[in-house]
Amino acid sequence: MMGLYGRIFDVVVAGGGVSGCAAAVSAARLGANVLVIEPNGYLGGALTACGVGPMMTFHAGKKQVIRGFMQELVSVLESRGYSKGHVPDTKQYTDTITPFNAEGLKLALDDMLAGEGVEILFHSFVGGVLKGGGRITGLTVCNKDGLNTVKAKVFIDATGDGDVAYWAGAKMEKGRPLDGAAQPMTMKMKYLGVDTAALKTHILKNIESFPEMKGKESLLGLDIPADIEGFAAEVKKEKAAGRLDLARENILMFATDREGEYILNTTRIIGHDATNAKSLSVAEITGRRQCRQLDAFLRGHVPGFENAALEFTGPSIGVRSSRQLVGLYTLDAEDILSCKRFSSAVAHSGYPIDIHSPDGEGTASYFLKEKGSYYSIPYEVMVCGEIENLIVTGRCCSVTFEAQASIRVTPSAGALGQAAGAAASQAASKNGDVRAIGIKELQAALIGQGAYIEV
């Protein structure tokens with residue numbers, strides 16, 4: 001392995017989540033030799049390490065606006081029996097959702113990266129950045145080999161928290177402008193053996209108590225994984241009795257690809273900072289305590305959960321937001337809600353602005369100007385003025401607090417990752433300056449990889 005540390009890669013990707021994997025595959029397919037550095041022992045990021053699911057959404061109305069690597073991944077999962085593909089959202093919050101099997105996702109990503117010759121260092125943390133002349137020259141990596149340096153012509157920060165960019169001296173912001181508070185974290189719970197029929201029957205018989213589901217009852221009758229929101233009265237009663245201590249007003253759950261398996265997206269851990277080790281540690285403990293209370297609540301108040309098996313909590317807490325790059329362009333809420341088009345577009349999304357309150361209960365949603373509309377994301381949100389060979393992808397790119405609440409979801413992060421990888425490969429073949437690449441050349445490369453690009 002010492003030879004690995006002595007090499008100069010074309011591209012090093014910090015973070016093996018979906019965005020980082022998309023970047024690695026995209027760069028490798030364009031001829032770059034690529035290394036991925038991942039803290040866990042598997043790929044997939046929040047989808048495999050935090051129990052996040054489903055993916056939502058690839059569509060704007062009936063039009064699929066996120067394709068390329070992300071659609072290829074879904075197709076692989078479908079072909080192996082690990083996903084039912086894109087199905088209607090039973091709450092109609094988005095047009096479609098894409099449930100999947102997390103263990104199958106790990107295997108699919110392993111195979112997709114291996115198939116392109118991407119090298120991976122698992123159980124490896126980036127702990128520092130080496131710089132010189134406005135460029136990153138190397139990353140300090142901590143793992144079973146000790147402390148070593150990995151070098152590359154171009155670096156991609158896919159850490160989610162912007163760790164590499166921050167340590168490199170790029171300008172960053174954190175949380176909302178008012179006070180720096182981030183959206184709350186969530187400790188996910190996954191159950192197997194839920195009596196889906198009993199759950200749906202209860203909702204249909206008491207539809208007046210499920211305002212989020214009212215008017216969409218026909219979708220609950222379809223043989224598709226269902227997302228469900230409600231039980232507000234029961235939550236209110238248990239909170240008043242002191243048996244449920246969480247800053248959320250109802251229960252939100254999503255079915256996976258497996259019959260009777262549900263992901264609970266309900267805990268809400270406020271007032272913590274994902275970029276602070278101590279705060280993050282306390283958040284994990286708080287999340288597990290909320291999960292314990294929720295487990296008792298579900299078994300006592302939600303039909304279908306009486307005999308369900310709790311598969312796991314976490315395994316790590318889910319983080320919605322932390323640092324944001326201040327890049328050459330900052331995407332804002334107006335850009336999203338007005339469906340702005342950019343000549344330098346590298347990705348598109350139809351997902352609304354979805355802000356989980358940093359203060360406690362409540363989720364604020366702001367939808368695009370009309371159903372089926374979508375916005376574009378310019379390349380400039382991933383690059384900055386301070387570091388010439390750095391690309392930042394995923395939820396920590398250059399967007400405002402409000403805009404981040406839209407681009408943070410998996411399909412968008414994956415689409416940005418594919419663009420980051422293609423751009424990194426392009427820059428690595430020249431002088432390494434990611435700000436000097438040809439946008440038209442980049443867009444052509446993405447279209448060649450199956451991505452949807454509209455300018």
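Colleague: What is the bridge partner of M189 in β15?
Modeller: L264 is the bridge partner of M189. This is a predicted model, where local features need pLDDT of at least 70, side-chain atom pairs count only at pLDDT 80 or more, and totals for chains, interfaces and linings use all residues. Residues are numbered from 1 along each chain as its sequence is written, and side-chain values use heavy atoms, without hydrogens and water.

Colleague: Over how many bridges do β12 and β15 pair?
Modeller: Strands β12 (residues 189-192) and β15 (residues 262-264) pair over 3 bridges, in the antiparallel sense. Strands are DSSP runs of E, at least two residues, numbered from the N terminus; two of them pair if DSSP finds at least two bridges between them.

Colleague: What is the strand order in that sheet?
Modeller: The order is β13-β14-β15-β12-β16, an open sheet of 5 strands with antiparallel pairing. β13 (227-230) and β16 (309-313) are the edge strands, each pairing on one side only.

Colleague: New topic. How many residues of α13 are buried?
Modeller: 19 of the 19 are buried, so α13 is largely enclosed by the rest of the structure. Buried means under 20% relative accessible area, with a 1.4 Å probe and protein chains only. Helices are DSSP runs of H or I, at least four residues.

Colleague: And what does α13 reach from its first C-alpha to its last?
Modeller: Helix α13 (residues 410-428) reaches 26 Å, close to the 27 Å expected at 1.5 Å a residue. That expected span is 1.5 Å times one less than the number of residues.

How values were computed
Buried < 20%, exposed > 50% of the residue type's maximum accessible area, 1.4 Å probe, protein only.
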